[in-house]
Amino acid sequence: MGVAFVVLSLGIGFADPAIAQGGSIIRAALNEDIRGVDPARQSEGMADPVHMHVVEGLVAYGSNLEVGPVLAESYSVEDGGKTYVFKLRDGVKFHNGETLTSADVKWSWDYLMAEGSVWRCKAVFEGNVKVLAVETPNPLTVVYRLAEPNGSFAYTLARTDCAGTPVFHKSSLKADGSWGSVIGTGPFTAGERKIGEYAEVLRFADYKSPAGEANGRIGRKEAMVDKIRFSVVTDPAARIVGLRSGELDVSSVASQSVDQIRQEAELDVVLSETTVWYALLLNQKDPLLQNKALRQAIASAIDRQAVAQGVTYGLATGTSTPMPRVSRYYSPIANEPLAANPDRTRELLAEAGYDGEPITIIANRSFQSMFDQAIIIQSQLQAAGINVTIETLEWGLQLERYTGGKYQSQSFSYSGRFDPMGAWERIIGPESRKVWKDERAIALLKKGLVATDPDEVRAISDEIYALFIEEAPAVSLFHMTLANGFNKRLEGIKSAPFDTPTLWNVSIK
């Protein structure tokens with residue numbers, strides 16, 4: 001009964017001899033089905049574990065969150081940050097055999113930015129990082145002209161949630177303009193897909209890899225197997241069973257399952273600290289939390305390491321900054337305040353004149369990590385003499401309160417940001433949803449977004465960080481660590497700060 005269930009849930013039958021006989025195929029689990037493959041008509045189109053193997057952009061992120069060239073050979077920043085010039089690699093082939101030119105990059109851009117497109121990054125390139133024109137002075141040069149200087153433009157092009165601003169051939173569309181099948185430049189081509197069951201990608205024999213050592217999503221890429229089958233397995237328990245039975249080679253696993261998997265002789269786990277950030281938000285518009293000393297007391301009373309370890313079953317490490325550790329711009333304050341400081345907390349509570357007034361933390365049960373961290377924080381704050389209660393809401397209602405800025409405190413998490421100023425932009429700004437509306441922070445963020453020199457960006461980020469610790473608009477807790485279980489027959493699975501592992505450069509022993 002159990003075995004039959006797993007086979008059905010994985011969408012793997014025995015009609016495929018390559019799978020049944022253990023041929024040149026990697027079998028990976030998808031936590032949910034692909035939402036769409038047309039990036040202009042599906043906001044998640046191509047932004048998934050499958051299509052990152054099929055499509056590429058001009059640039060992408062390395063494991064250290066630095067941007068490097070992919071379809072571009074190099075790029076330069078001119079006119080004080082208003083012009084970006086990309087030189088394309090010569091001889092790159094699309095899956096239909098056509099050679100990549102600057103005209104293809106512009107066609108893809110125009111398609112993504114066309115009226116009616118719901119591409120995830122369209123609003124960004126029409127707003128904060130406004131692109132005025134894309135020019136193609138010759139077949140191997142693409143020029144982007146911006147409305148204003150912007151130091152994060154290349155980072156934005158590389159955004160993983162926007163599929164790295166994908167470049168694909170116009171023949172991906174049918175004659176009537178509707179979507180056909182994606183024709184990209186990646187190391188794999190799109191293969192068979194059965195909705196709700198699986199999607200496959202096939203090795204592209206004519207793939208031309210970028211230069212350099214393999215590094216996250218840049219550098220050397222090689223399809224080392226003939227096929228990857230991504231099977232939809234929504235049940236976490238079924239994913240574990242699939243790994244154990246050998247029907248799956250790689251799958252995300254829950255934090256609490258890591259030790260269990262490591263005890264399996266044929267399995268192992270790779271851990272990746274991501275840029276997904278967990279924090280306790282403190283609304284400075286609240287009459288009680290307007291008191292800076294009280295906000296500082298709350299921050300002082302929280303043991304960040306205990307929160308991180310408790311929420312993630314020992315996988316994550318506490319942090320006092322939104323800047324991820326893997327970033328070159330991560331520079332923690334000396335003696336980073338991770339542990340609670342009871343003496344300092346008492347001093348701050350006395351300075352604040354706190355007299356036991358209640359503070360409510362909003363949390364939800366849809367995202368268990370947010371709820372768990374609220375419970376741990378409540379215990380820590382109550383032990384310090386701070387009267388804290390938890391209000392549990394449906395996620396949609398909590399998000400509504402967050403967006404409108406109508407709360408005292410929230411247990412919250414933010415999706416990953418790879419660019420250095422993006423780490424801060426999540427919380428800084430005049431918008432109602434931003435928890436930190438300090439004019440000094442806003443001015444520093446604006447300055448950082450324009451800066452193109454890495455040393456200047458680091459100095460600005462450090463200045464924001466010092467102000468963040470002083471003003472305590474939120475308490476930084478940890479960055480989520482993701483776990484991927486894999487069969488030891490695979491060689492080349494690497495840790496990287498992304499939501500899913502890349503399966504190029506991965507071979508079968």
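User: Which residues of α14 are buried?

Analyst: In α14 the buried residues are A441, I442, L444, L445 and G448, where buried means under 20% relative accessible area, exposed over 50% and partly exposed in between, with a 1.4 Å probe and protein chains only. This is a predicted model, in which local features need pLDDT of at least 70 and side-chain atom pairs count only at pLDDT 80 or more, while totals for chains, interfaces and linings use all residues. Residues are numbered from 1 along each chain as its sequence is written, and side-chain values use heavy atoms, with hydrogens and water left out.

User: How many residues does α14 have, and what span does it reach?

Analyst: Helix α14 runs over residues 439-450, twelve residues, and reaches 17 Å from its first C-alpha to its last, close to the 16 Å expected at 1.5 Å a residue. The expected span is 1.5 Å times one less than the number of residues, and helices (H or I, at least four residues) and strands (E, at least two) are DSSP runs numbered from the N terminus.

User: Switching topic, how many disulfides does a search of the whole structure find?

Analyst: The search of the whole structure finds one disulfide, a term that stands for a pair of cysteine sulfur atoms within 2.5 Å. This disulfide joins C121 to C162, with an S to S distance of 2.1 Å.

User: What does the pair tie together?

Analyst: C121 lies in the loop between α3 (102-113) and α4 (122-126), and C162 in the loop between α5 (153-157) and β8 (188-194), so the pair ties together parts that are 41 residues apart in sequence. The torsion about the S-S bond of C121 and C162 is about 80°, so the disulfide is right-handed.

User: Are C121 and C162 buried or exposed?

Analyst: C121 is buried, at a relative accessible area of 0%, and C162 is buried as well, at 1%.

User: That loop between α5 and β8, what is the phi of T165 there?

Analyst: T165, which lies in the loop between α5 and β8, has a positive phi of about 50° although it is not a glycine, and T165 is buried with a relative accessible area of 7%. L65 also has a positive phi, near 70°, in a residue other than glycine; L65 lies in the loop between β2 (59-61) and β3 (67-69) and is buried, with a relative accessible area of 2%.

User: And the second largest pocket, which residues lie nearest its centre?

Analyst: Q296, A299, S300, P337 and I469 lie nearest the centre, among 15 residues that line the second largest pocket. Elements that give two or more residues to its lining are α8 (292-301), α10 (342-352), α15 (454-471) and β16 (474-487), and α8 gives the most, with three residues.

User: Where is A472?

Analyst: A472 is in the loop between α15 and β16, where it is buried with a relative accessible area of 3%. The C-alpha atoms of A472 and Y414 are separated by 17 Å, and the two residues are 58 residues apart along the chain.

User: How is a pocket defined?

Analyst: On a 1 Å grid over the protein atoms alone, a pocket is an open set of points where a 1.4 Å probe fits, with protein on both sides within 12 Å along at least five of seven lines, and lining residues have an atom within 4 Å of a point.
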